[in-house]
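Trainee: I am new to this one. Can we go through it step by step?
Mentor: Gladly. Ask as you look.

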Amino acid sequence: MPFLDWFLPCFYAFAACLGFCVPFNIRGLGAVICSLGGGLAWLVYLIAGPLTGYHDLMQYFWAAVFLSAYSEGMARVRKCPVTGYMLVAFLPLVPGAGIYNMMEYALNGDTERFLSTGMHTLSIAGALAVGVLVVSSLMRMYTALRRRRRI
Amino acid sequence: MDYDKLLTLSGELGYHLLLSGAEIYRVEESVRYLLQAYGVGPGEVFAIPNCIIVGISSPGQKPLTRMRRVGPHGTNVRKIEALNALCRRLCAETPDLDQAWEALQTAAADQTYFSTPQQLSAYFLGTAAFCLFFGGTLADAAASGLCGVAIGVSLIFMSRLGTNLFFKTIAGGFVSALAAVVLVALGLGTHINLIIIGAIMALAPGVVITNFMRDIMAGDMLSGLSKFAEALLTGAGIALGTGLALSLARMLGGAA
């Protein structure tokens, strides 16, 4: 069922984020907004699949861009720090499986696949970082522009 | 104006923000705005993840500096939000320094935190959902949730002992992989790799990846690099811990 294929992973991402809000002491409405961001970011990742020809680095990049924009927007609406929304909502995008597979290849002495998975995991982290970077730099430029106009 | 009091107030605000895990630029900006709001010209503030230095100099006064060392700390978003709101209020109203000090003390003393059972059930929910997310079955998810609880217990226990981050991560990975091996041997869940992947998300350095890039973009290279190192160390710690447990299980002829 195509609908469930898209909906279920996003729902799982939402539930997982909701769980991880607790150790970071995120409460109430903030927790829901933040988890919603995690679920939606995964939806963006899935949608970006067909659009980018299933190039997963680009998928991660667009998901990170969406999530940063979402968090910056929510932070301004609710007048709360951006971190509160970014921290946990990013978890579904973090390449945890990559770290594990790397370790398993290393354990089996499969150096070639260990190195290639390692590079891939690092590139995913890089793609996420660049996504965050683009949005937060643009936001900084925008606030600087607005401040200058006001003076 | 009592500069000593103002310096103590702003230094303490920065200290508590850092202690709650706020980004570096937020700490520096908050302190700078506070000093400006109280009419102290060029206030200087420098913060890295474990230290903050605030200095003020005004005409006809000796320059004053205050430094606070910040110990190991986690992230408490609720406190960051409260302190941020307090800083906005102080900047807008600039109340008497004694009153401001009282308000800061109340905000900093707030120890509202989820109880241990609540936290452990949250670890269960989070890791179980991640296992499903990565394609595990319901039985896998239950096993993964239990491994997540094991991680939660070990994290909470070791935080009380003040263990360092690297060792905490290794031990968390070790405990979760060991629990996964035992659970699969007992017949709960079949895909041991998915169970472990779900569980180690509780340790994954997601927080750090997002924060270090924001720090670097704000021009705080030093903080960004130290957080980058933290992310790499955490990743290595997870791999080391789980690898240790799995190879141990193989040595003993276990499931994995």
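**Strands, helices and domains of chain B**

Mentor: Start with a pairing. In this predicted model, strand β2 (residues 51-56) of chain B pairs with β3(B) in the antiparallel sense, over six bridges.

Trainee: Which residue in β3(B) stands opposite C51(B)?
Mentor: C51(B) belongs to β2, which spans residues 51-56 of chain B. Its opposite number lies in β3(B). That residue is R69(B).

Trainee: In what order do the three strands of the open sheet run?
Mentor: The sheet of chain B is open and its pairing is antiparallel. From one strand to the next, the twist averages 5°. The order is β1-β2-β3.

Trainee: Why is one side of β1 and of β3 of chain B left without a neighbour in the sheet?
Mentor: Look at the edges of the sheet. There stand β1 (44-48) and β3 (64-69) of chain B. One side of each is left without a neighbour because each has a single partner strand.

Trainee: Which strands of chain B does helix α2 lie across?
Mentor: Helix α1 lies across β1, β2 and β3 of chain B, at about 155° to β2(B). Helix α2 (residues 24-37) of chain B runs at about 160° to β1(B). The strands that α2 lies across are β1 and β2 of chain B.

Trainee: How far apart are the C-alpha centres of domain 1 and domain 2 of chain B?
Mentor: The domain assignment puts domain 1 of chain B at 3-109 and domain 2 at 116-251. Their contact takes six residues from domain 1 of chain B and 10 residues from domain 2 of chain B. On the domain 1 side, four are nonpolar, one is polar and one is charged. The centres lie 34 Å apart.

Trainee: How far apart are the end C-alpha atoms of residues 165-186 of chain B?
Mentor: UniProt, in an unreviewed entry, lists "transmembrane region" at several spans of chain B, among them 142-158 and 165-186. Residues 142-158 of chain B are 100% helix, with end C-alpha atoms 24 Å apart. Residues 165-186 of chain B are also 100% helix. For that span the distance is 31 Å.

Trainee: What share of the residues of chain B counts as buried?
Mentor: Picture the whole chain. The C-alpha trace of chain B spans about 75 × 30 × 30 Å along its principal axes. Of its 256 residues, the buried share is 51%.

Terms used. Residues are numbered from 1 along each chain as its sequence is written. Chains are lettered from A and ligands numbered from 1 in the order in which they are written. This is a predicted model: local features need pLDDT of at least 70, side-chain atom pairs count only at pLDDT 80 or more; totals for chains, interfaces and linings use all residues. Domain bounds come from an automatic or database domain assignment. Two residues are in contact if their C-beta atoms, placed from the backbone, lie within 7 Å. Ala, Val, Leu, Ile, Met, Phe, Trp, Tyr, Cys and Pro count as nonpolar, Asp, Glu, Lys and Arg as charged, and the others, Gly among them, as polar. A residue is buried if 20 or more other C-beta atoms lie within 10 Å of its own, exposed if 12 or fewer, and partly exposed in between; C-beta atoms are placed from the backbone. UniProt positions are given in the numbering used here, feature names are shortened, and annotations may be inferred rather than shown by experiment. Helices (H or I, at least four residues) and strands (E, at least two) are DSSP runs, numbered from the N terminus. Two strands pair if DSSP finds at least two bridges between them. Axes are lines fitted to C-alpha atoms, for helices over the stretch in contact, and angles run from 0 to 180 degrees between N-to-C directions.
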